[in-house]
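Subject: Structure handover

Hello,

Here is the structure I promised to pass on. Please open it and keep it beside this email while you read.

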Amino acid sequence: MTQEALSSSRIVELQSEAEKARAALDPAGAIELYTRALELAAASPEGLAGEQEFALRSGRAACYHEMANYAAEDEDLAVMLRIAREKGDLHRQVDVLNRRVLLLENSGELETG
């Protein structure tokens, strides 16, 4: 197996482990696993496909939200929005924008009512 295939396989494994941690209500553990997957992808010569990066950042952003780390969540949402725009994916753009509104409400930066 080539180094690129090994990296890609490990990224998929880390993502699966992160999703299990989320399901087990361990957002801190999941964040660590999502971050390791993103770091491994960044170090890979082939990089990371937009779809996979979107999924990893989406999961990590949800964990940051659960832990009320809104600044970190917003960073992931910003990258997700860029990916969705580059792909011309209107559904995902709306999803990310809705998540950003929720983030602003929860962080007190957006007054409603």
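R57 and D76 form a salt bridge, and their closest N and O atoms are 2.6 Å apart. R57 sits in helix α3 and D76 in helix α4 (residues 70–87), so this pair ties together parts that are 19 residues apart in sequence. Keep in mind that this is a predicted model.

Are these two partners buried or exposed? D76 has a relative accessible area of 1%, so D76 is buried. R57 is buried too, at 16%. The cut-off for buried is under 20%. The link between R57 and D76 also shows up as a polar contact between their side chains, again at 2.6 Å.

Stay with R57 for a moment. Its side chain also meets that of E53 in a salt bridge, at 2.8 Å from N to O. This pair stays inside one helix: E53 and R57 are four residues apart in α3, which means about one helical turn separates them. E53 has 16% relative accessibility, so E53 counts as buried. The side chains of R57 and E53 make a polar contact as well, at 2.8 Å.

What else does R57 touch? Leaving out residues up to four places away in sequence, R57 touches L38, D76, V79 and M80. D76, then, is both a neighbour of R57 in this list and a salt-bridge partner.

Now put the pieces together. Which residues are linked in a network of salt bridges? They are E53, R57, R60 and D76.

A search of the whole structure finds nine salt bridges. One of them joins R92 and E51, with the closest N and O atoms 2.7 Å apart. R92 lies in helix α5 (residues 90–107) and E51 in helix α3 (residues 50–66), so the pair ties together parts that are 41 residues apart in sequence. How accessible are these two residues? R92 has 25% relative accessibility and counts as partly exposed. E51 has 41% and also counts as partly exposed.

Next, two residues in loops. L25 has a positive phi of about 60°, although L25 is not a glycine. L25 lies in the loop between α1 and α2 (27–43). Its relative accessible area is 71%, so L25 is exposed. A68 also has a positive phi of about 60° and is not a glycine either. Where does A68 lie? A68 is in the loop between α3 and α4. With a relative accessible area of 45%, A68 is partly exposed.

Last, a word on confidence. The mean pLDDT of the protein is 91. Of its residues, 93% reach 70 or more.

Best wishes

Technical notes: Residues are numbered from 1 along each chain as its sequence is written. This is a predicted model: local features need pLDDT of at least 70, side-chain atom pairs count only at pLDDT 80 or more; totals for chains, interfaces and linings use all residues. Side-chain values use heavy atoms; hydrogens and water are left out. A salt bridge is a side-chain nitrogen of Lys or Arg within 4 Å of a carboxyl oxygen of Asp or Glu. Buried means under 20% relative accessible area, exposed over 50%, partly exposed in between (1.4 Å probe, protein chains only). pLDDT is the predictor's confidence in each residue, from 0 to 100. A polar contact is a pair of N or O atoms within 3.5 Å; within protein, one must be able to donate a hydrogen and the other to accept it, and residues adjacent in sequence count only if both atoms are side-chain atoms. Contact means heavy atoms within 4.5 Å.
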